[in-house]
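Here is a short briefing to read with the model open beside you. Take a look at the chain, then follow the notes topic by topic.

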Amino acid sequence: QVQLVESGGGLVQAGGSLRLSCAASGRTFSRYAMGWFRQAPGKEREFVAAISWGRLRTYYADSVKGRVIISRDNAKNTVYLQMNSLTPEDTAVYFCAAGNMDYLPEGYLYWGQGTQVTVSS
């Protein structure tokens, strides 16, 4: 069992940066790939980025590639999402998830409650 708690969201102006964190509890954290998804009002949850358990592989959505970096610290049971050059289109609730390395939400077993990111123009 893994419990996930996101933090680091907030209000930022367009062009700004935020770093999201996701703290995991449970001894098996390092066994799972970790992903970030986001969901804007009225839209489906969409993939943002994922990182394998050994940090050897990372996946990014085309919409964030070059602006976002996913990383993890298994010693701290934490995964990060550094987001730069933010635009209003990045406004959403951001969720972290633990499970299989996948672009789809169905590939993940555990989910956090989400953290709101709002980018003003």
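This is a predicted model: local features need pLDDT of at least 70, side-chain atom pairs count only at pLDDT 80 or more; totals for chains, interfaces and linings use all residues.

Residues are numbered from 1 along each chain as its sequence is written, and side-chain values use heavy atoms, with hydrogens and water left out.

- Strands here are DSSP runs of E with at least two residues, numbered from the N terminus, and two of them pair if DSSP finds at least two bridges between them.
- Five bridges hold S1 and strand S3 (residues 18-25) together in the antiparallel sense, and a handy place to look is Val5, which stands opposite Ala23 in S3.

- Strand S11 (residues 115-120) has a covered face with Thr115, Val117 and Val119, and an uncovered face with Gln116, Thr118 and Ser120.
- As background, side chains in a regular strand alternate between the two faces of the sheet.
- Strand S2 (residues 10-13) runs parallel to S11, and four bridges join the two.
- In that pairing, Gln13 stands opposite Ser120 in S11, a residue of the uncovered face.
- Strand S9 (residues 92-99) pairs with S11 in the antiparallel sense over three bridges.
- Here Ala92 is the residue opposite Val117 in S11, and Val117 belongs to the covered face.

**The disulfide**

- The count comes to one disulfide, taking a disulfide as a pair of cysteine sulfur atoms within 2.5 Å.
- Cys22 and Cys96 form this disulfide, with their sulfur atoms 1.9 Å apart.
- The link reaches between distant parts of the chain, from Cys22 in strand S3 to Cys96 in strand S9, 74 residues apart.
- The disulfide of Cys22 and Cys96 is right-handed, because the torsion about its S-S bond is about 45 degrees.
- Cys22 is buried at a relative accessible area of 0%, and Cys96 is buried with 0% relative accessibility; buried means under 20% relative accessible area, exposed over 50% and partly exposed in between, with a 1.4 Å probe and protein chains only.

**Salt bridges**

- The structure holds four salt bridges, each being a side-chain nitrogen of Lys or Arg within 4 Å of a carboxyl oxygen of Asp or Glu.
- One of them joins Arg38 and Glu46, whose closest N and O atoms are 2.5 Å apart.
- Is Arg38 buried or exposed? Arg38 counts as buried because its relative accessibility is 5%, whereas Glu46 is partly exposed with a relative accessible area of 34%.
- Arg38 also forms a salt bridge with Asp90, the closest N and O atoms being 2.9 Å apart.
- Asp90 lies in the loop between strand S8 (78-83) and S9 and Arg38 in strand S4 (residues 33-39), so this pair ties together parts that are 52 residues apart in sequence.
- Asp90 meets Arg67 in a salt bridge as well, at 2.8 Å from N to O.
- Arg67 lies in the loop between strand S6 (58-60) and S7, and Asp90 in the loop between S8 and S9, so their pair ties together parts 23 residues apart in sequence.
- Asp90 is buried at a relative accessible area of 2%, and Arg67 is buried at 17%.
- Through shared partners, salt bridges join Arg38, Glu46, Arg67 and Asp90 into one network.

**Two positive phi angles**

- Most residues other than glycine have a negative phi.
- Asn77, in the loop between S7 and S8, has a positive phi near 55 degrees.
- Ser85, in the loop between S8 and S9, has a positive phi near 50 degrees.
- Ser85 counts as partly exposed, because its relative accessibility is 42%.
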